[in-house]
Amino acid sequence: MQIRNVRIRGKQKQGLFKVDIENGIFGKILPEETPQEEDKEQTPYFLGSRQDTLPDFTDGSEKIYDAKGRMMMPPFVEPHIHLDCVMTAGIPHYNMSGTLFEGITTWDEYKNSQPLTVEGIKERAKAALRCMAGYGVQFVRTHVDTTETSFKGVEALLELREEMKDTMEIQTVAFPQNGICSFRHGKEYMERAMQMGMDCVGGIPHYEFSRELGVESIRFIFDLAEKYDAMIDVHCDEIDDGVTRYLEEMAAQAWMREMGSRTVAAHTCATGSYNDAYFAKLLRALKESGINFNSCPTASTSLDGRFDNYPKRRGITRIRQLTQAGLNVALGQDSISDPWYMPGVGNLLRVLEMGMHVEHMTGYEDLSHCLDFISTKGAKNLCIEDHYGIEEGKPASFIILDGRDDYEVFRFQSAVTLSVHQGKVIAKRRPSFGKVMF
Ligand code: FE2
């Protein structure tokens, strides 16, 4: 396969490239000698596109793809989703209030009305993965409930990880939805999930019955990860409670055990309610530990702040401050059409839009590299950087977007016109076009 007339993200000033792909690996990446760019007027593609200038394979056999000046970049990364729950909104009924608590009761009603089966979970998870693939996602980390004690979800996602390994890369997290120390035999269920081959140890310390049990759960999580040489990804402080402070314990454990690069603190919504003096002190430990962060701006702004009248808190972590301090924050979806958050569709550009707005990251400098939040930063969380990126010799996994740079893609919510995983086309799209009559 050869990609012609393509901009490469980060190398836009060097003009257009041609990119060779051989046996699923990136070959030579060279400047085009005679660049062919249809959009000479430099108008945004969304406004300027005519149907005959849309990119496509020119020979019909998936050998030569003319990008016509559009941008290639590494695939989008979904660092936080619950694939065992996706695509269940409306069964047996919709969440009418949109709150977390109605989400939990609706999920219980779902499980009582529709007995979970491995095949059923796989079917729903695959439907969500197909949506995500259409929006350029190729790497996914999914949490799977280990307090759903039939373990059908764990079984289903482990099978799917294997079945889909040539199409999308899936990582699994043992996630104790109802707690580890506050759930009967919670530790044994976590151990069983790790024995079955989960990639990461999860947790939910703020949901444990007491401060002490929360701390105990974190130490157990780190012990288990060491025992199974696994990564860590914990739902941490996902609550609008300014005195919930398990993040400091996570940072301390990661620092002591030198496991920061393999650790993710997800959500950490409570940081938005911390006083600035405490956060300044906490930041030192976070930086020393080197842990990574995940935030889900669409789900969190929807679910959090629900106990506030006005003014209302935004419910998300301090994305801007953490990023400015040099810490890695990736953005994810959390939900796709489940009882907790119904609008999700698999499109990380929507998540990014929410995150950039609510964190006031709409200055030009912020927007100029905003796609990092849903690509390279997610890759760091997943520890996949050794096989991620557009470089000669790496697996040929990439996307092409109907835009020329981050700002344009963000502004126009550009379509992913091509998604290739290890040299294989997994999704393509010919974006719609329109014509304004003046
Ligand atoms: Fe989550």
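Is Lys-122 buried or exposed, and what is its relative accessible area? Lys-122 is buried, at a relative accessible area of 8%. Buried stands for under 20% relative accessible area, exposed for over 50%, and partly exposed for the range in between (1.4 Å probe, protein chains only). The model is predicted, with local features requiring pLDDT of at least 70, side-chain atom pairs pLDDT 80 or more, and totals for chains, interfaces and linings using all residues. Numbering runs from 1 along each chain as its sequence is written, and side-chain values use heavy atoms, with hydrogens and water left out.

**View 1. Lys-122 and Glu-159 pair in a salt bridge.** Glu-159 sits in helix H4 (residues 152-163) and Lys-122 in helix H3 (residues 118-134), so the pair ties together parts 37 residues apart in sequence. A salt bridge here is a side-chain nitrogen of Lys or Arg within 4 Å of a carboxyl oxygen of Asp or Glu. Helices (H or I, at least four residues) and strands (E, at least two) are DSSP runs, numbered from the N terminus. Glu-159 is partly exposed, at 31% relative accessibility. A network of salt bridges links Glu-119, Lys-122, Glu-159 and Glu-163. By this rule the count is 26 salt bridges.

**View 2. Glu-191 bridges to Lys-227.** The closest N and O atoms are 2.6 Å apart. Glu-191 belongs to helix H5 (residues 186-196) and Lys-227 to helix H6, so the pair ties together parts 36 residues apart in sequence. Lys-227 counts as exposed, at 57% relative accessibility.

**View 3. Glu-32 meets Arg-4 in a salt bridge.** The N to O distance is 2.8 Å. Arg-4 is in strand S1 (residues 2-8), and Glu-32 is in the loop between strand S3 (25-31) and helix H1 (45-48), so the pair ties together parts 28 residues apart in sequence. Glu-32 is buried, at 8% relative accessible area. Arg-4 is partly exposed, at 26%.

**View 4. Glu-208 is buried yet has no salt bridge.** This residue lies in the loop between strand S10 (200-201) and helix H6 (211-228). Lys-187 is the nearest side chain of opposite charge, 9.1 Å away. Lys and Arg count as positive, Asp and Glu as negative; His and the chain ends are not counted. A polar atom of the Glu-208 side chain lies 3.1 Å from the backbone nitrogen of Cys-181. Beyond neighbours within four places in sequence, Glu-208 has contacts (heavy atoms within 4.5 Å) that include Gly-179, Ser-182, Leu-213 and Ser-217.

**View 5. Ser-419 is buried in strand S16.** The strand spans residues 416-421. Relative accessibility of Ser-419 is 0%. A polar contact of 2.9 Å joins the side chains of Ser-419 and Gln-138. Such a contact is a pair of N or O atoms within 3.5 Å; within protein, one must be able to donate a hydrogen and the other to accept it, and residues adjacent in sequence count only if both atoms are side-chain atoms. Leaving aside neighbours within four places in sequence, Ser-419 also touches residues including Ala-133, Phe-398 and Val-425.

**View 6. Tyr-94, Met-96 and Met-342 form a nonpolar surface patch.** Together they have about 360 Å² of accessible area. Tyr-94 is in the loop between strand S7 (76-81) and helix H2 (100-113). At 47% relative accessibility, Tyr-94 is partly exposed. Patch residues have over 30% relative accessible area and no salt bridge; like charges are joined within 9 Å, nonpolar side chains (Val, Leu, Ile, Met, Phe, Trp, Tyr) within 5 Å. Accessible areas come from the Shrake-Rupley method with a 1.4 Å probe; for residues, only the protein chains shown count as cover.
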